[in-house]
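Here's a quick walk through one model, starting with a sheet and moving on to the helices. Keep the viewer open as you read.

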Amino acid sequence: MSHPLHAAITLEPAALDYLRPIVAKQPAGCLGVRVYVLHPGTSLAHAGLGYAREGEHPDEVPMDVAGLQVFYNPAHVDFLRDLRVSCQKTETGQRLKLVAPHIKESIAPPADAPLERRISHFLETDINPQLAEHQGSIVLHAVENGDTALLKFGGSCHGCGSADLTLTEFISVRLRQHFPEIAEVRALAHTHA
């Protein structure tokens, strides 16, 4: 059976040579490496590598890349297409470099996608263009208890004296209209200028 990402992800030989011995030295329970995506489909999106430890990320699935188990979240397949992991020499040794050309694409999630992904897409396509007019932005930090959206302001919105008003009078209203399952919208604590 062909893996959905198998042809779409490239770990260059030098990256594999770098990762294999590091993974082999990890304690029992380390299954391989994981490719993770934070804020996929938004202007703040980025990908990273970490250790895949048994039981830590139950939604992630493995694929074999030249004998190395690489785990990823299937909900992020579209964002990980054409991912390339290389290894570069530096003055102090080596470092991995990830290039994920589709990670910031605003791909509309299907109706049955996880709530977090649907909210993130809505914030990026509906709310952030308006906040960007004032050099601000907002991202989803988490959905708590299935009905509370916890957001994080960025740009000029972070610390702005009008952020609370923007949250209650604009963002919260739009978010709850679009996602009736959300009963409460809160922002992470921020300081006012």
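## A sheet and its helices

In this predicted model, three strands form an open sheet in the order S1-S6-S7, and the pairing is mixed. S1 (9-11) and S7 (93-99) sit at the edges with a single partner strand each, so one side of each has no neighbour in the sheet. From one strand to the next, the twist averages 20°.

Now for the pairing of S6 and S7. S6 (residues 83-90) runs antiparallel to S7, and seven bridges join the two.

Next up is H1 (residues 13-24), which lies across S1, S6 and S7 and runs at about 75° to S6. Its 12 residues reach 17 Å from the first C-alpha to the last, close to the 16 Å expected at 1.5 Å a residue.

Which residues of H1 are buried, and which are exposed on the other side?

| Group in H1 | Residues |
|---|---|
| Buried | Ala15, Leu16, Leu19, Val23 |
| Exposed, on the other side | Pro13, Asp17, Ala24 |

The buried residues Ala15, Leu16, Leu19 and Val23 cover an arc of only 95° around the axis, which puts them on the same side of H1.

One last stop: Ser120, found in H3 (residues 115-132). Is Ser120 buried or exposed? Its relative accessibility is 12%, and buried means under 20%, so Ser120 counts as buried. Leaving out residues up to four places away in sequence, Ser120 touches Thr42 and Leu140.

Terms used: Residues are numbered from 1 along each chain as its sequence is written. This is a predicted model: local features need pLDDT of at least 70, side-chain atom pairs count only at pLDDT 80 or more; totals for chains, interfaces and linings use all residues. Side-chain values use heavy atoms; hydrogens and water are left out. Two strands pair if DSSP finds at least two bridges between them. Helices (H or I, at least four residues) and strands (E, at least two) are DSSP runs, numbered from the N terminus. Axes are lines fitted to C-alpha atoms, for helices over the stretch in contact, and angles run from 0 to 180 degrees between N-to-C directions. Contact means heavy atoms within 4.5 Å. Buried means under 20% relative accessible area, exposed over 50%, partly exposed in between (1.4 Å probe, protein chains only). The expected span of a helix is 1.5 Å times one less than its number of residues. The arc is that of the directions from the helix axis to the C-beta atoms.
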